[in-house]
Amino acid sequence: MSGVVTGDAVVLGLQPARLPSRALAVLIDLVVVWTVYLLVTFGLAVATASLDEAAMTAVSIASFLLVLVGAPIAVETLSHGRSLGKLACGLRVVRDDGGPIRFRHALVRGAMGVVEILMTFGVIACIASLVSERGRRIGDVFAGTLVVRERIPAARALVVPPPPPWLVGRFAGLDLSAVPETLWLEIRQYLTRARELDPFVGRRLAERLADELVARTGTPPPPGVPADAFLAGVVAERQARDSRRAFAASPEGLAAAAAAPVVAPVVVPPVVPVVPAAGAVAEEGGPRATGFAPPA
């Protein structure tokens with residue numbers, strides 16, 4: 001990533017395009033431009049066959065400048081830095097601060113491209129791109145531009161594995177308010193990559209994360225529960241709480257709560273104590289004889 005700083009002091013994470021992708025984009029552009037130039041030249045040669053040699057030379061120079069120089073400048077200006085080759089390769093020309101280019105940027109790049117690409121067959125442009133830290137050619141340096149990649153491969157989605165079924169709901173009363181986001185991120189990264197780690201290293205890492213989680217919550221894991229299963233169960237509990245809060249805050253959740261039927265309160269009759277029979281005396285230090293049964 002390139003540390004491009006905007007005028008508002010915001011660092012942009014842009015990925016500069018390297019020489020292979022830029023060379024392919026330039027090759028596509030050159031094939032298209034030279035095809036158009038040859039067709040235009042053939043048409044002008046037929047149309048100006050009756051003109052003298054000086055007029056034909058002037059027409060040839062004008063067609064060269066308009067097609068090979070003016071057309072790429074116009075395309076980059078109107079498309080904000082995306083020519084046909086760059087569009088095919090997922091590239092784009094931007095300013096050094098990350099903004100879209102204008103006509104003056106495209107003009108400088110096109111003028112320098114005549115020397116860098118057309119007159120030297122791209123040798124100067126290749127050398128400059130290899131030497132530059134961000135893969136810029138001389139035209140980019142003078143114009144204050146940068147070619148970046150627009151299409152970046154999406155990262156593979158990593159899903160946190162679910163906890164064992166016998167741990168689901170075991171941590172419903174756990175206080176998670178003191179756990180920082182950095183610790184949650186470490187735990188999720190460990191759970192998503194636990195199978196890729198060495199067993200001994202993974203076990204040590206799980207134990208360390210479990211100790212930090214216990215220090216934040218104040219509640220140790222249940223006896224006999226491994227550290228990785230404890231982490232998975234706590235993360236699943238937090239995800240369940242976040243889902244419930246998000247559902248309750250959404251309009252669908254409020255509508256579902258409003259449409260829920262009203263349940264009448266259940267009236268519990270008072271419990272009447274049973275008077276023990278005459279002569280029934282509780283033993284000293286033993287439980288008193290009452291009509292209440294101990295809870296199951």
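Guide: Let's start with a term we'll need: a helix axis here is a line fitted to C-alpha atoms, over the stretch in contact, and angles between axes run from 0 to 180 degrees between N-to-C directions. Keep in mind that this is a predicted model.

Visitor: Okay. What is the protein built from, in helices and strands?

Guide: It has 10 helices and 4 strands. Reading from the N terminus, the order is β-β-α-α-α-β-α-α-α-β-α-α-α-α. Buried residues make up 29% of its 296 residues.

Visitor: Back to those axes. At what angle do H4 and H5 cross?

Guide: At roughly 105 degrees, with the axes of H4 (residues 103–119) and H5 (residues 123–131) coming within 5 Å.

Visitor: And why is H4 called roughly perpendicular to H5?

Guide: The label covers angles of 65 to 115 degrees. The crossing is at roughly 105 degrees, so H4 counts as roughly perpendicular to H5.

Visitor: Which residues make that contact?

Guide: H4 brings Val 115, Glu 116 and Ile 117, while H5 brings Val 123, Ile 124 and Ala 125. Sorted by type, the residues are 5 nonpolar, no polar and 1 charged. Glu counts as charged, and Glu 116 is in the H4 part of the contact.

Visitor: How do you know whether Glu 116 is buried or exposed?

Guide: Buried means under 20% relative accessible area. Glu 116 has 1%, so it counts as buried.

Visitor: What does the side chain of Glu 116 make a polar contact with?

Guide: With the side chain of Arg 137, at 2.7 Å. The cut-off for a polar contact is 3.5 Å, and 2.7 Å is within it. Leaving aside neighbours within four places in sequence, Glu 116 is in contact with Gly 122, Val 123, Ile 124, Ala 125, Arg 137, Ile 138 and Gly 139.

Visitor: Why is Phe 121 called exposed?

Guide: Exposed means over 50%. Phe 121 comes in at 75% relative accessibility, so exposed is the label.

Visitor: What makes Leu 91 count as buried?

Guide: Its relative accessible area is 1%, and the limit for buried is under 20%. Leu 91 is in strand E3 (residues 91–95).

Visitor: How far is Leu 91 from Ala 17, in sequence and in space?

Guide: They are 74 residues apart in sequence and 7.0 Å apart in space, C-alpha to C-alpha. Leu 91 also touches Ala 17, and its other contacts include Arg 22, Ala 25 and Val 147.

Visitor: Why does Arg 22 count as buried?

Guide: Its relative accessibility is 10%, and buried means under 20%. Arg 22 belongs to helix H1 (residues 19–47). Among the residues it touches are Leu 91, Arg 109, Arg 137 and Asp 140.

Visitor: Now the largest nonpolar core. Which of its residues touch the most other members?

Guide: Those are Trp 184, Ile 187, Leu 191, Leu 213, Phe 230, Leu 231 and Val 234, out of 22 residues. Helices H7 (181–192), H8 (199–217) and H9 (227–249) each supply at least two residues. H9 gives the most, with 6.

Visitor: What makes a group like that a nonpolar core?

Guide: The members must be buried residues of nonpolar kinds, Phe and Leu among them, joined through side-chain atoms within 4.5 Å. Phe 230 is one of the members here, and its contacts beyond four places in sequence include Leu 167, Phe 171, Leu 213 and Val 225.

Visitor: How many residues are in the second, separate core?

Guide: That core has 11, including Ala 25, Val 69, Ala 106 and Val 114.

How values were computed:
Residues numbered from 1 in each chain as written. Predicted model: local features only at pLDDT ≥ 70, side-chain atom pairs only at ≥ 80, totals over all residues. Heavy atoms only, no water. Buried < 20%, exposed > 50% of the residue type's maximum accessible area, 1.4 Å probe, protein only. Contact = heavy atoms within 4.5 Å. Parallel < 35°, antiparallel > 145°, perpendicular 65-115°, else oblique. Polar contact = N/O pair within 3.5 Å; in protein donor to acceptor, adjacent residues only side chain to side chain.
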